[in-house]
Amino acid sequence: MKWNRGLETNTLRKIEGSLFIAPWVFGFLTFVAFPLGYSLYMSFHQVKITVNSVNYTFIGFQHYREILIANGSLLYEELLPFLRESAMMIPIILVFSLLVAILLNMRFPGRTLFRVIFFLPVIFSSGQIVQEFIAQGEGSLSIMETLRIDYYLQQYMPSAWVGPIQKVMNSFVLVLWYSGVQILIFLAGRQTLPPAVYEASRIDGSSPWNTFWKITLPGLVPYIFLNLMYTVVDLTGTLRRLPISAISWARQGKRKFTP
């Protein structure tokens with residue numbers, strides 16, 4: 001009898017666990033696995049959409065040969081510069097968001113107002129507004145022209161990195177505007193850390209610097225990964241909404257680099 005009861009208990013736990021995980025499995029199969037598999041299937045076919053149906057013609061690796069060998073502009077002129085820009089912007093956005101979230105979590109007059117100010121650009125900054133700001137040169141750092149950083153970048157940096165660095169620095173202020181969601185996530189994560197831990201740390205004589213590295217940062221690791229994923233997805237749209245780079249400005253004669 002005890003063995004049967006134990007078996008029934010284990011069976012019930014497995015059923016309960018399966019029911020709890022079923023929504024995730026269904027969502028993964030429906031919205032992740034199937035789209036990935038279907039996209040892979042279409043990459044080996046020539047897809048033609050008609051009024052009545054969708055026709056697939058098997059072409060093998062033709063698309064991959066076109067992108068990697070025959071016409072490498074899509075990969076080497078679009079994807080690689082985007083990856084370089086992302087590699088520079090992601091750490092900047094994450095560090096900036098984390099520091100601002102820690103500051104906004106402190107108690108000071110007007111804290112709510114500052115939280116609203118940091119989040120408002122996410123709501124009001126449409127693609128057209130961002131393009132107008134960049135066209136007027138409002139998104140760039142003034143130190144770029146004062147110290148002639150663009151000229152030194154062209155002289156001493158590899159040519160493959162000059163364009164992405166200039167584009168990031170010329171849209172630096174505007175890209176930071178898109179940190180509102182990351183700040184909100186870090187702020188919510190910071191508020192989940194128990195105050196008793198910080199009180200115990202202060203009683204033990206820990207400095208704010210040690211408290212940050214030993215308590216705050218380890219507690220925010222899950223939120224750092226969450227913001228990392230969100231920032232990667234968001235940058236695919238953000239950097240495409242910033243189409244005017246320093247190189248295009250130089251070609252248009254809007255900037256002249258003189259030694």
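**View 1. The surface and make-up of the whole chain.** The chain exposes about 17400 Å², an accessible area from the Shrake-Rupley method with a 1.4 Å probe, for which only the protein chains shown count as cover for residues. What you have here is a predicted model, in which local features need pLDDT of at least 70 and side-chain atom pairs count only at pLDDT 80 or more, while totals for chains, interfaces and linings use all residues. Residues are numbered from 1 along each chain as its sequence is written, and side-chain values use heavy atoms, with hydrogens and water left out. You will find 14 helices and 2 strands in the chain; these are DSSP runs numbered from the N terminus, with helices being H or I of at least four residues and strands E of at least two. Of the 259 residues in the chain, 30% are buried (under 20% relative accessible area, with exposed meaning over 50% and partly exposed in between, for a 1.4 Å probe and protein chains only). Among contacts (heavy atoms within 4.5 Å) with a separation of 6 or more, 68% join residues 24 or more positions apart.

**View 2. Helix 11 packed with helix 12.** Helix 11 covers residues 195-203 and helix 12 covers residues 208-219. Their axes lie 11 Å apart, at an angle of about 155° (axes are lines fitted to C-alpha atoms over the stretch in contact, and angles run from 0 to 180 degrees between N-to-C directions). That angle makes helix 11 roughly antiparallel to helix 12 (over 145 degrees; under 35 is roughly parallel, 65 to 115 roughly perpendicular and the rest oblique). Look for Val197, Tyr198 and Ser201 in helix 11, which meet Thr211, Ile215 and Thr216 in helix 12. By class, this contact has 3 nonpolar, 3 polar and no charged residues.

**View 3. Ile215 and its neighbours.** Ile215 sits in helix 12 and counts as buried because its relative accessibility is 18%. Leaving aside residues up to four places away in sequence, Ile215 touches Leu193, Val197, Tyr198, Ser201 and Asn210. Ile215 and Val197 are 18 residues apart in sequence, yet 7.9 Å apart in space, C-alpha to C-alpha.

**View 4. Gln182 and its neighbours.** Gln182 belongs to helix 10, which spans residues 180-192. With 0% relative accessibility, Gln182 counts as buried. Not counting residues up to four places away in sequence, Gln182 touches Ile93, Ser97, Asn227, Tyr230 and Thr231.

Definitions and conventions
Nonpolar A, V, L, I, M, F, W, Y, C, P; charged D, E, K, R; others polar.
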